[in-house]
Amino acid sequence: MERIDDLQCKGYRIIQDTEAFCYGIDAVLLSAFAKGAVKKGNAVLDLCSGNGIVPLLLAAKTEAAKLVGIEIQEEAASLARRSVTLNQEEERMEMLTGDLCQIEELRMKGGERLAHRFQVVTANPPYMQSDLQNPDSKKLIARHEILCRFQDVAKAARFALDSRGKFFIVHRPKRMAEIISILRENKLEPKRLQMVHSYLNGEAKLFLIEAGKDAGVELRILPPLVVYREDGEYTDELKEIYGIAYP
């Protein structure tokens, strides 16, 4: 079943398939974390784009000149293309169906939109490593490293980025050491890191990281982002990110 959700930002909306993988808080936080780096006229690429939530939010929040998403599942990419049309963003946005592991071939075939380097690349990749072998499940592909590994995501980001471009990722803390190691192997130097906690005194559930292509060594640790207050309500920071009015 399909539904249309309000993104709470400048009237933008997204078409979602409730039987597939609908976007969650990680995509919203990723777009908020990356938006400050997107300057007027920039080109933005979103890897593992799903139904296009991250580029849609960045289209609503920035003055990027071009926003491209790459998604391997045609059904999800098709939904994203319909959302682009729904928001009348055909001139700025495009969703490509393709395998990021073959990004060089996509660039040759995909034409104009991938012909130039990008100033900003984002990715909300599959988090889970497993030996599951059922690639027919839409949700399984979105959640598990079946069709790509983080090594592939990092290589694709490096290939697509302009000189001194920036790569933004959201991921799980238990894989942080591995993620940072892979980034540095691909000369994507971690520059900013923020932990995301459900509650102030709880363990981190996610982390957000910005890496710079061929950048110098210097990592800033930002204050933690807390999602909920003790009473279960969103914190003021989360309400601001979601565009929810608060006193």
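What pLDDT does the chain average, and what percentage of the residues score at least 70? The chain averages a pLDDT of 88, and 87% of its residues reach at least 70, where pLDDT is the predictor's confidence in each residue, from 0 to 100.

This is a predicted model, in which local features need pLDDT of at least 70 and side-chain atom pairs count only at pLDDT 80 or more, while totals for chains, interfaces and linings use all residues. Residues are numbered from 1 along each chain as its sequence is written, and side-chain values use heavy atoms, leaving out hydrogens and water.

**View 1. Confidence along the chain.** Helix H5 (residues 138-143) has the lowest confidence, with a mean of 57. The highest belongs to strand S8 (residues 188-197), at 98. Helices (H or I, at least four residues) and strands (E, at least two) are DSSP runs, numbered from the N terminus.

View 2. Buried means under 20% relative accessible area, exposed over 50%, and partly exposed in between (1.4 Å probe, protein chains only). To find them, look for Ile53, Val54, Pro55, Leu56, Leu57, Leu58, Ala59 and Ala60.

**View 3. Aromatic pairs.** The whole structure holds 4 aromatic pairs; rings of Phe, Tyr and Trp (its six-membered ring) pair if their centres lie within 6.5 Å, and planes under 30 degrees apart count as stacked, over 60 as edge-to-face and the rest as tilted. Phe33 and Phe168 form an edge-to-face pair, 5.8 Å centre to centre with 85 degrees between the planes. Phe33 belongs to helix H1 (residues 25-34) and Phe168 to strand S7 (residues 161-171), so this pair ties together parts 135 residues apart in sequence. Phe33 is buried at 8% relative accessibility, and Phe168 is buried at 0%. Elsewhere, Tyr199, Tyr228, Tyr234 and Tyr242 make up one aromatic cluster.

**View 4. Strand S7 and its partners.** Strands pair if DSSP finds at least two bridges between them. S7 pairs in the parallel sense with strand S6 (residues 118-123) over 5 bridges, and runs antiparallel to strand S9 (residues 204-213), joined by 6 bridges. Phe168 of S7 stands opposite Thr122 and also opposite Glu210 in S9.

**View 5. Charges over rings.** A charge sits over a ring if NZ of Lys or CZ of Arg is within 6 Å of the ring centre and within 35 degrees of the ring normal. Lys66 lies over the face of Phe118, 5.0 Å from the ring centre. Arg117 lies over the face of Phe159, at 4.7 Å from the ring centre.
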